[in-house]
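Me: I've got a structure open and I'd like to learn how to read its contacts. Can you walk me through it?

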Amino acid sequence: MKTLAGRIAFNLFAWTVVLVTAFPLIWMILTSVKPQFELFRIPPTFWPEQITFEHYTRLIYETPFLKYMRNSLILGFTTTIVVVVVATLGAHSLVRFRYPGRERLAQMVLFTYLLPSVVLILPLYLMMVWLGIANTIFSLVIAYTTFALPYALWLLRSFMQGIPDDLEAAALVDGATRMEAFVDVILPQALPGIISTSLFTFILAWNEYLYALVLVNTDEARPLTTGVMSMLVSAFNIEWSLLMAASVMMSLPLIIIFAFLQKYLTRGFGAGGVKG
Amino acid sequence: MSGNPLDKRYAVLGAMLIAPTVLIFCAVIIYPLVSALYLSLFTIFTPTLRGNFIGLGNYAYLANSPEFWRSLWNTLLWTVCTLTLQIVFGVAAALMLHQNIVFRSLARSLILFPYFVSTVVAVLVWRWLFNDLYGVMNHLMLMAGLIKMPLDWLGSMPNAMISIILVGAWKYFPFVVIAVLARLQTIPDALYEAAKIDGAGAWSRFVDITLPQLRDVLVVVVLLRAIWDFKEFDLIYLLTGGGPIIATQTLPLMVYKDAFGLNDMGRASAVAVSMMLVMLSFMVLYLKLAGRGERESQR
């Protein structure tokens with residue numbers, strides 16, 4: 001790539017690859033703003049001849065979409081808060097305290113992180129039925145901790161291992177108790193890691209499908225993933241532009257995270273066990 | 001260390017901090033895991049949840065069931081093919097994004113997006129692309145002269161298997177990109193400079209420097225992705241539902257079908273446990289590697 005021509009050619013090639021990869025997502029956005037009749041044009045039009053937001057208004061006013069979205073938001077935030085609080089305490093304990101069984105416990109966390117949810121889902125289903133909380137958002141929060149908690153613990157543990165021991169030791173010498181040192185010294189240092197972990201946990205909960213499919217069977221508690229799919233299945237003829245509008249709306253939190261908080265995502269990735 | 005009252009107090013405090021984690025783990029992971037093993041020894045009718053103890057009957061049934069072996073084969077085929085594509089495209093894209101291209105951070109975001117987007121969204125978009133009448137895929141391939149008739153992408157074989165493998169590769173290759181890209185940034189430039197002085201071409205620099213440096217991270221990525229692809233449910237279930245008939249049915253789909261389609265929760269548990277036994281070898285290997293990496297980084 002010494003010559004200018006070579007450089008331009010490489011850039012063109014690279015961007016072609018990027019755009020081909022992103023094409024399905026670009027197509028989703030374009031389809032969502034085309035009028036219904038334009039979808040059945042042969043050959044298909046690339047740019048919409050006419051831009052319309054009717055599918056978005058229909059989605060909001062004529063379908064249960066907003067209800068699903070509310071459920072997904074409650075579910076995502078509750079899961080994130082519960083998991084991140086428990087995991088922060090747990091990770092701190094795994095990194096800074098010595099007691100018998102600590103290493104085994106850390107290993108077990110990694111093991112559970114790899115477990116397939118189809119193995120856990122049948123007993124969990126029976127458990128929810130037995131507890132009488134099937135078909136509630138609460139049952140999904142419990143189910144989501146099965147994959148979110150090991151993941152968050154492992155991520156936070158890697159972050160906290162990067163905080164030097166001397167910081168806490170200095171605070172202890174100054175007369176702080178261990179809990180004070182945790183709150184005043186460790187927590188501020190771990191904050192970027194906690195933000196990364198929260199984002200990943202929220203995305204995991206937002207995108208989850210299988211547990212929601214098995215455990216929840218009413219529109220009252222259904223999150224977006226199964227809700228939007230039920231719109232596809234129950235429709236007499238599939239309205240693709242409506243579904244694409246739903247897909248765009250469903251990806252909004254992700255787009256926001258990508259636009260403003262992307263550095264936390266890449267940082268979390270480095271810590272998440274793919275160190276090699 | 002022992003005998004010091006402060007150390008003992010600290011150990012108690014440490015145990016208290018980890019206690020919520022341990023309690024939740026026991027309730028939602030350990031108990032269900034043991035329970036799954038136990039359930040697999042029964043025949044249970046899902047709607048009434050009543051059943052009889054039949055010992056290893058479910059496993060004996062599965063050993064003689066062509067459907068089980070076909071599902072296992074499908075799972076392996078899907079895992080190997082989609083994983084290979086993920087690694088090849090992932091490494092290639094990482095090398096590409098490592099170079100100086102214009103708007104590099106935007107390019108990276110666009111490449112990473114499929115990985116973070118919900119599987120439901122990915123599947124909806126691809127089903128629209130694959131649509132037999134108005135889908136763009138058929139239109140582009142007809143225009144390019146690759147096919148004469150529109151293809152049935154998801155409803156016939158081998159197209160359905162190829163389609164899920166392709167969509168799986170598209171959805172998950174960014175994981176490889178991120179991991180490899182992070183590693184590439186830590187390879188010292190001096191290595192390349194030295195090789196250039198020795199007269200090594202671009203290809204031999206890749207084979208002799210880049211690949212050996214990437215080896216460790218690739219081993220970890222292959223293991224992790226193999227485990228995750230093996231247990232993939234959403235993507236396949238939503239794209240083909242295991243069809244046509246059972247041609248793309250993998251083991252996780254068989255668990256779901258047995259439990260909630262055929263209403264036999266005992267047999268479904270037996271399938272799930274068998275599936276976990278197959279995965280266990282990968283999981284143990286990964287745990288060993290991760291343990292080794294830990295000890296090295298602590299040194």
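Predicted model: local features only at pLDDT ≥ 70, side-chain atom pairs only at ≥ 80, totals over all residues.

Me: How much area is buried between chain A and chain B, and what share do carbon and sulfur atoms give?

Reply: Buried area is what two parts lose in accessible area on being put together, summed over both. Here chain A and chain B bury about 8300 Å² between them, with 82% of that coming from carbon and sulfur atoms.

Me: And how many salt bridges and polar contacts cross between chain A and chain B?

Reply: The salt-bridge rule finds 0 across the interface of chain A and chain B. For polar contacts the count is 8 residue pairs, both residues at pLDDT 80 or more.

Me: Where do I find salt bridges, then?

Reply: Over all chains the count is 11. One of them pairs Arg58(A) with Glu239(A), whose closest N and O atoms are 2.6 Å apart. Arg58(A) sits in helix α2 (residues 54–62) and Glu239(A) in the loop between α10 (224–234) and α11 (240–260) of chain A, so to speak a link between distant parts, 181 residues apart.

Me: Which parts of chain A does the pair of Glu220(A) and Lys67(A) tie together?

Reply: Their side chains meet in a salt bridge at 3.3 Å, N to O. Glu220(A) is in the loop between α9 (210–215) and α10, while Lys67(A) is in helix α3 (residues 65–96), so this pair joins parts 153 residues apart in sequence. Lys67(A) is partly exposed, at 31% relative accessible area.

Me: What about Asp219(A) and Arg222(A): buried or exposed?

Reply: One of each kind, roughly speaking: Asp219(A) is partly exposed at 27%, whereas Arg222(A) is buried at 14%. The two side chains form a salt bridge at 2.8 Å, N to O.

Me: Which residues does the network of shared partners join?

Reply: Arg58(A), Glu62(A) and Glu239(A) are joined into one network by salt bridges that share partners.

Note on methods:
Residues numbered from 1 in each chain as written. Chains lettered and ligands numbered in written order. Heavy atoms only, no water. Buried area = accessible area lost by both parts, 1.4 Å probe. Salt bridge = Lys/Arg side-chain N within 4 Å of Asp/Glu carboxyl O. Polar contact = N/O pair within 3.5 Å; in protein donor to acceptor, adjacent residues only side chain to side chain. Helix = DSSP H or I, 4+ residues; strand = E, 2+ residues; numbered from the N terminus. Buried < 20%, exposed > 50% of the residue type's maximum accessible area, 1.4 Å probe, protein only.
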